[in-house]
Structure formats: structure tokens, C-alpha cells
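Open the model in your viewer and keep the sequence panel beside it. The tour moves from stop to stop, with something to select at each one.

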Amino acid sequence: MKKIITLVFVSALGGLLTLGGYKFFVENDTQLLSVDQSSDYPVFVPTNNSNSINVSKVATPDFVNAAEKSLDAVVHVKNTSVISSPTTMQDLFYGRQSQHAQVGTGSGVVISPTGYIVTNNHVIKNANEISITLNNNKSYIAELIGTDETTDIALLKIETDEDLPFMAFGDSDNAKVGEWVLAVGNPFNLTSTVTAGIISAKARDLSGQNMQSFIQTDAAVNPGNSGGALVNTNGDLIGINTAISSQTGSYIGYSFAVPSNIARKIVNDIMEYGNVQNGILGVVGGALNSAAAKELGTDITEGFYVSDVQEDTGADKAGIKEGDIIKKIDKVKIHKFSDLTGYLKTKSPDDVVNVTLLRDGDEEVMPVTLLKPTSYTLPTIGLIKNPSEKDLKRYNSEYGVKISELDENYKSNWIRSGVEEGSIITRINGKKLYNVEDAQTAIKTRRYNEPLQIEVINKDGEKVVYNFR
């Protein structure tokens, strides 16, 4: 009996010890874990409500109005060209050359109700036929009015029985970095596509030769978008989408547009003159940075340093000198070379610009009249300039342009042929040359695959025609 009582007592005591251990260790540990989990939640502290942001009141960009204004004015451009196919044995046997049609596509923007359309030059280059499809699916054959390869702008015209939806050019100088924009076009043959982004930078040069001044944006632009519209949230046309920076051929975050002020000037010149009328300042130099400033002995790291002034140009006549630092033209600040070239591309000969410059630490403002270019680099020849009456009289010619500097790659060949620096070029592809602009026009309007024919008066006074392919 005592053994039974002792066994029951020991069992009860063991149960009590087990229950107590559970209570002490397990339940307390569970409470600690619960506390640890709650510490993952954010801790809120009292704040001054007057300084807090009301998320519901934050303005978000509304692109609906801008998209509605631009969609019907952006068109699909189809370029059909005829190219030579690879030569086969049968072609060689029969003495023939196989050809086939090649189709390229892009976008364009209607800029007048009468059917004028602006697009990129590379979209329609070498085209035998250009077809335009509107947003309502109506198609038309377009006429090429003119192009400018330097800015990659082309002007087309279609004939319609009714007025077309169109977009007017906005002021790209007022566009701000960080501003929301839309890219409207036809990527990958997908019509009426709208993408959004911000302006990432202005006055971008991709050539490395300070010839370009693009608006950079991160709005998605892909093959087929070229020639389409870059618009702000008001629906204003502030650029013509032109290029992407990519290692894959598709959009990776960088796209570029010709500013509307440049595109508008190019279009107006083509309509009025048939070619682009450029006004030059007449200065030579480069943009300042830390390295350049140190070399030149100045503490100024932004602006355009004038290393030379071309003779008889607007800058020369206005009194700009070597060593001057151009800080601003009109209201446009000059941080780099492309700021300068980009703004000048919106101007014409005889326009007057106010140049703000630093000279010996003092700021001066000089009005400068822009003049027509007096020199041009002609392919295979070299630098040509407008001749003086004395230059023409020397070669007994009433017209022509003077070879100022022969291309180093071909100089020895030209000299052996009797052509020297100072010789007069009288015609290009049969067209008489009276000035440098005539030479530029002859080169730019040359048809694809058309031989380059140059008529030169050599040192013996003989007119010789040279043909190049």
C-alpha cells in the first residue's frame, strides 16, 4: 500500500514539475518571440502635420490631352527603294544585274492642314516611292520637297481633298530638363503608339564633331519611331524623334530628338529657298572645362573660348577677339559647344544676336550680324571658299568657287593633274557655281548612286571634268 501511495506521489510531483517548466520556459519564450516579430513594423513618432506631405494632393502628369492632340497628326511613313541583289552565276552568264524592292518604315508629323509633313532624312533616304498612312488608315503617295542631312530633317507633301489634323511647332528653348514629354510614333510598325518620359538633357552632340544639338529623353523610342513627335504635356511639338543610343538596336533608356526650333527653321528654309540658309558667327575655339581652363590660365570652366576669329565675318566686324569667352547668346547660356551651335542653327543670315562675353574679367555685350558661310569642305577636293574678283580674273572665269586647301588624302593626285590651291571649280554635276552655297546644294541634292562630276580650271587655264563614284 505504501508503495502505491509513494508511486502516486512521485507521479503527481513529476507532473507539477513538468507543468511548471512549461509555464516558465515555453510560454515565456513564446511571448519573447511575439515581441521580436512586432519590432519589424515601423515605429511612428509624433510629427508636425503642417510640414507633412498630403499624398492625395500631389499632382500627377496628365497625358490624355497631349495624346489626343498628337495622335491624329502623326503618320506612318513607308519608304520603298530599289537595291541591287547579290550577283549570281546566272546574272554573270546573262550579263544582268538583279534588283529587288526594299521597304523601310518610320513616322512623320503633319505640320499644316494642307499636307506638309516633317520626318527624318534617314527615314526617306534613297526612296523611289514614299507612302504616307494617316491615323484613319487612308494612304497617299508623298512628294519629297527637300532635305537637310546635317540635321536629319526632311519635308514631304501629300495632296488631300480635306484639311488634315496637324501640330504647330512649339518653342523648344522653353523646354526644361526634368519636364514630362511624350514620344508619339509607329515603333515596329505598331501604329499610333504613345510612350512617356522626361527630358534628360539638352544640347546633346552624338557626332563628336559638335555638329548636333539634340534633346535627350528617356521616353521609349524604337525603330519606326524616327520622324515622330516629341510633345510636352500641353501637346506642343517640341522635337522630332530621331535617334537612340543602343547596343542592341532597340531602346535601352536613351533617345534623342531634333529640337522644334531647329526643325522649324529647316522647314521654313526649304519652303522658301529650297535649301537651308545658315548664318555663321565666325569664331573658332572650343568649350571650356577644368583641363582647358588650366591650360589657358583662367579659372572659368564654362563657356566658349575664342581661339580665332574668321576674317570678314560678323564676329570680326563686331570686334570679338581671340581670348574672349562667350557666356551667352541672346538669352541662351553657353555651357558647351553644342549650346552655341544648336542656337545658331535656329538663326538665318542677317539675323542679329547679342553675344555676352568676358574679356579681361569684364563682361561685355556685343550685337553681331550673322553672315552666310564663306567656306565648305567638298568631298575629295578639300576646303573651298567664295572667290574674290581677282581670283576669278586670274583664271578668266565669270563664276566658280576657289579651292582654298586641298584634301591631304588626295593632294598629291590633284597636283599631278594640274589642280592646285587657288584653282577654280566652275560646276558640280553640270550646275554652275557662283558661291559656296551653290556647291553645298549641288552635293546635297545629288541623287543616290549619281556620279560626282566636278569641273575645274587647272593651272594651265584648261577646264577639266573629273568623275567620281
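A residue is called buried when its relative accessible area is under 20%, exposed when it is over 50%, and partly exposed in between. Keep in mind throughout that this is a predicted model.

**Stop 1: a loop residue**

Select asparagine 458. Buried or exposed? Asparagine 458 has 4% relative accessibility, so this residue counts as buried. Asparagine 458 sits in the loop that links strand E25 (452–457) to strand E26 (463–468). Now show what surrounds it. Beyond its neighbours within four places in sequence, asparagine 458 is in contact with Tyr395, Ser417, Gly418, Val419, Ser423 and Val464.

**Stop 2: the whole chain**

Zoom out. The protein chain has 11 helices and 26 strands. It runs to 469 residues, and 39% of them count as buried. Colour by surface next. The accessible surface comes to about 26,700 Å², with 51% of that belonging to carbon and sulfur atoms. Take contacts between residues at least 6 apart in sequence: 58% of these join residues at least 24 apart.

**Stop 3: the nonpolar cores**

In soluble globular proteins, nonpolar side chains tend to be buried together. Here, the largest nonpolar core has 26 residues. Select Val109, Val118, Ile153, Ala229, Val231 and Leu237, the members that touch the most others. At least two core residues come from each of helix H2 (64–71), strand E7 (153–157), strand E8 (180–185), strand E11 (229–232), strand E12 (237–244), strand E13 (255–259) and helix H5 (260–273). Which element gives the largest share? H5 does, with five residues.

Centre on alanine 229. Setting aside its neighbours within four places in sequence, alanine 229 is in contact with Val74, Val109, Met167, Leu182, Ala183, Val184, Leu237, Gly239 and Asn241. A second, separate core holds 20 residues. To find this second core, select Ile403, Ile428, Leu452 and Tyr466, which are among its members.

**Stop 4: a cavity**

Rolling a probe the size of a water molecule over the atoms shows where empty space is left. How many cavities of 30 Å³ or more does the structure hold? It holds one. The largest cavity has a volume of about 70 Å³. Select Thr151, Gln212, Ser213, Phe214 and Lys345: of the 10 residues that line this cavity, these lie nearest its centre. By class, the lining has five nonpolar, four polar and one charged residues.

**Stop 5: the second largest pocket**

Go to the second largest pocket, with a volume of about 510 Å³. Its lining has 23 residues, and Ser172, Asp173, Lys202, Val332 and Asp339 are the closest to its centre. Two or more lining residues come from each of strand E9 (193–204), strand E10 (214–217), H5, strand E17 (332–333) and helix H8 (337–344). H8 gives the most, with three residues. The lining divides into nine nonpolar, seven polar and seven charged residues.

**Stop 6: helix H8**

Stay on H8 and show its side chains. How many of its eight residues are buried? Seven are, so the helix is mostly covered under the 20% cut-off. The buried residues are Ser338, Asp339, Leu340, Thr341, Gly342, Tyr343 and Leu344. Display what lies over them. The cover includes E9, H5, strand E15 (304–309), strand E16 (325–329), E17 and strand E18 (352–359).

**Stop 7**

Select aspartate 308, which is in E15. At 40% relative accessibility, aspartate 308 counts as partly exposed. Apart from its neighbours within four places in sequence, aspartate 308 is in contact with Gly282, Val283 and Val284. Draw a C-alpha to C-alpha distance from aspartate 308 to lysine 321: 7.3 Å in space, for 13 residues in sequence.

Finish on glutamate 322, in the loop between helix H7 (314–318) and E16. Buried or exposed? Glutamate 322 counts as exposed because its relative accessibility is 60%. Leaving out its neighbours within four places in sequence, glutamate 322 is in contact with Val306, Ser307 and Val309.

How values were computed: Residues numbered from 1 in each chain as written. Predicted model: local features only at pLDDT ≥ 70, side-chain atom pairs only at ≥ 80, totals over all residues. Heavy atoms only, no water. 1 Å grid on protein atoms, 1.4 Å probe; cavity = no way out; pocket = protein on both sides within 12 Å on 5 of 7 lines; lining within 4 Å. Points joined across faces, edges and corners; volume = space filled by probe spheres on them. Nonpolar A, V, L, I, M, F, W, Y, C, P; charged D, E, K, R; others polar. Core = buried A, V, L, I, M, F, W, Y, C linked by side-chain atoms within 4.5 Å. Buried < 20%, exposed > 50% of the residue type's maximum accessible area, 1.4 Å probe, protein only. Helix = DSSP H or I, 4+ residues; strand = E, 2+ residues; numbered from the N terminus. Contact = heavy atoms within 4.5 Å. Areas by Shrake-Rupley, 256 points an atom, 1.4 Å probe, with all protein chains shown as cover.
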